[in-house]
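Dear colleague,

Please find below the structure that I am handing over to you. A summary of the findings follows it.

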Amino acid sequence: GKLGTDNVALNNPSTGTYDNKNVAASKSVVVNGITLTGADAGNYVLSATSLNSTNGIITTKPLAITADDKEMIQGTTLPALTLTYSGFVNGENTSQLTTAANVSTTANSSSLAGNYPITVNGAIAANYAISFVNGILTIKPGVPTGISLAAVDLYENRPAGILAGTLSSTSLDPNATFTYTLVSGSGDTDNALFDIAGNQLKTKTTLNFQQKSTYSIRVRSTSQYGLSLDKQFNI
């Protein structure tokens, strides 16, 4: 409707409004606040100050769901498996999921040390295109890694119950605790002559240097997880 070279044009409205936020094609979009600009704008009147289109398109928003990496000590209870969500907008959260994510691992409390997959899948949301990132469960060894005996000098013909040494163990678990027992196996020749109380190795009888100067025992260290290590000691 502009005549000749009249200086008249439309402004550029800053916003249009969709009918709702949901993903679809052929959506209704309304643009309001249309006005005339230019030196000759006063000579014209707009037939409409808003426009409506049904050609709007809203596509899905990417959403990444990541299984968080976890660690545990061999023989302990599996840690809780958790997820991290990246991509929610406008304060939205997992309530937008029409189907919640599944997260699982092939490991259990009896699994050997090593790396195990943490798998996430199954989530569905109408307005989000979901991708999944699996995690790793690292199981660290819980078995004792070493046994030591801080031996003390033993003299012959002493009564039974004399301290022969103090036992200690190492493990990759900084919170590991250990119990000690005398067990059958290679090097257990003189187990019957000794006893263990707590972490103290003690004689169970009177020892005689002339009869025998070196005694062999086999000790087992067991962690609170029921995992053990055996070692032979000479007394």
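Does Lys27 count as buried or exposed, and what is its relative accessibility? Lys27 counts as buried, because its relative accessibility is 6%. Please note that this is a predicted model.

Salt bridges

The whole structure contains six salt bridges. In one of them Lys27 pairs with Asp19, with the closest N and O atoms 3.5 Å apart; Asp19 counts as partly exposed at 48% relative accessibility. Another joins Lys140 to Glu71, at 3.2 Å between the closest N and O atoms. This pair links distant parts of the chain, since Lys140 lies in strand E12 and Glu71 in strand E7, 69 residues apart. The side chains of Asp190 and Lys212 also form a salt bridge, at 2.7 Å from N to O. These two residues are 22 apart in the chain and both lie in loops. Asp190 is buried at 7% relative accessibility, whereas Lys212 is partly exposed at 32%.

A buried aspartate

Asp173, in the loop between strands E14 and E15, is buried but has no salt bridge. The nearest side chain of opposite charge is that of Lys140, 8.7 Å away. The side chain of Asp173 does make a polar contact of 2.3 Å with the side chain of Tyr225.

The sheet

Strands E15, E18 and E19 form an open antiparallel sheet in that order. E15 and E19 each have a single partner strand, so one side of each is left without a neighbour in the sheet. Seven bridges join E18 to E19, and Ile217 has Phe233 in E19 as its bridge partner.

With kind regards

Technical notes: Residues numbered from 1 in each chain as written. Predicted model: local features only at pLDDT ≥ 70, side-chain atom pairs only at ≥ 80, totals over all residues. Heavy atoms only, no water. Pairing = 2+ DSSP bridges. Helix = DSSP H or I, 4+ residues; strand = E, 2+ residues; numbered from the N terminus. Buried < 20%, exposed > 50% of the residue type's maximum accessible area, 1.4 Å probe, protein only. Lys, Arg positive; Asp, Glu negative; His and termini not counted. Salt bridge = Lys/Arg side-chain N within 4 Å of Asp/Glu carboxyl O. Polar contact = N/O pair within 3.5 Å; in protein donor to acceptor, adjacent residues only side chain to side chain.
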